[in-house]
Amino acid sequence: MRHGMNRYIVAVTGASGVEYALRFLWHLSHCEGASDLIASPNFFRVAETELMLAGDNLLDLAAKKFGALGEAHQFAFCDYRNIGARAASGSASYRSMVVLPCSMKSLAAIAHGLSSNLIERAADVSLKERRPLILCPRETPLSAIHLQNMLTLTRAGATVMPLMPGYYHRPQNLVDLYDFMTDRIFQHMGFSERVVKPWS
Ligand SMILES: Cc1cc2nc3c(=O)[nH]c(=O)nc-3n(C[C@H](O)[C@H](O)[C@H](O)COP(=O)(O)O)c2cc1C
């Protein structure tokens, strides 16, 4: 495997649905590979409201919510303000990037190539380097501006994958819904691991 082909970028922003991100990280910790983690400070603001848990360590929050993480994956924390980090350069190799959840603000910034923080810059680089970029927005209802930005991103090569789990696998609880989304995201990021049984 080419250098960097087992390395990913995982970014989290201040949209609702922080548990989707924490459950995704919990599953990711059981997959071989390495990820650069980038968190917008707004993610932790929303996490405080939704989980009633304070803290700014994504992995600790994931473990508090879903139990001990696996040891198969290596995580590197990256400063959201450091636009000189590895993920900001097109010369670094990554297999894919996900923004989960993706706020409408970050979605707009990525759609317009603003690159004003490391998440936006890494997403911009993913698009220019033609690497898979998966954006998982959460908002409702959607304005014409939101929809236009999603169309712009899709046309630029990103995969817009809203946090809209299916119900045909008969979820019994919220975790089943998080797992559904993790499974779909894994497929688009290039993981062979499955989290839910494929439909047959
Ligand atoms: C409790 C809470 C929930 C929020 N939920 C959403 C949401 O679901 N979708 C969204 O686009 N923005 C949401 N926001 C607003 C974003 O956090 C805000 O636009 C912020 O500027 C996003 O910045 P970031 O993308 O850099 O994290 C929420 C804010 C708070 C405080």
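Where is Pro-141 found? Pro-141 sits in the loop between strand 5 (133-137) and helix 6 (144-156). Helices here are DSSP runs of H or I with at least four residues, strands are runs of E with at least two, and both are numbered from the N terminus.

Before I go on, the model is predicted: local features need pLDDT of at least 70, side-chain atom pairs count only at pLDDT 80 or more, and totals for chains, interfaces and linings use all residues. Residues are numbered from 1 along each chain as its sequence is written, and side-chain values use heavy atoms, with hydrogens and water left out.

Back to the backbone. Thr-140 and Pro-141 are joined by a cis peptide bond, with omega about -10°. The bond from Leu-100 to Pro-101 is also cis, with omega near -10°, and Pro-101 is placed in strand 4 (residues 96-102). Ser-115 has a positive phi, near 55°, and lies in the loop between helix 4 and helix 5 (118-128). For background, most residues other than glycine have a negative phi, and most peptide bonds are trans.

Next, the ligand. There are 14 residues around it, and Gly-14, Ser-40, Ser-103, Ser-106 and Arg-138 come nearest; to be near, a residue needs a heavy atom within 4 Å. By type, this shell has 4 nonpolar, 7 polar and 3 charged residues. Nonpolar means Ala, Val, Leu, Ile, Met, Phe, Trp, Tyr, Cys and Pro, charged means Asp, Glu, Lys and Arg, and the others, Gly among them, are polar.

Now particular atoms. A polar side-chain atom of Ser-106 is 2.5 Å from a ligand oxygen atom, and one of Lys-105 is 2.9 Å from a ligand oxygen atom. With Arg-138, a polar backbone atom lies 2.7 Å from a nitrogen atom of the ligand. Helix 2 (41-51) and helix 4 (104-111) are the elements that give two or more residues to the shell, and helix 4 gives the most, with 3 residues.

Last, two helices. Helix 1 (residues 18-28) packs with helix 2 at an angle of about 100°, with the axes 9 Å apart. Axes are lines fitted to C-alpha atoms over the stretch in contact, and angles run from 0 to 180 degrees between N-to-C directions. Helix 1 is therefore roughly perpendicular to helix 2, a term for 65 to 115 degrees. Val-18, Glu-19, Ala-21 and Leu-22 in helix 1 meet Phe-43, Val-46, Ala-47, Glu-50 and Leu-51 in helix 2, where contact means heavy atoms within 4.5 Å. The residues of this contact divide into 7 nonpolar, no polar and 2 charged.

How values were computed:
A polar contact is a pair of N or O atoms within 3.5 Å; within protein, one must be able to donate a hydrogen and the other to accept it, and residues adjacent in sequence count only if both atoms are side-chain atoms. Angles under 35 degrees count as roughly parallel, over 145 as roughly antiparallel, 65 to 115 as roughly perpendicular and the rest as oblique.
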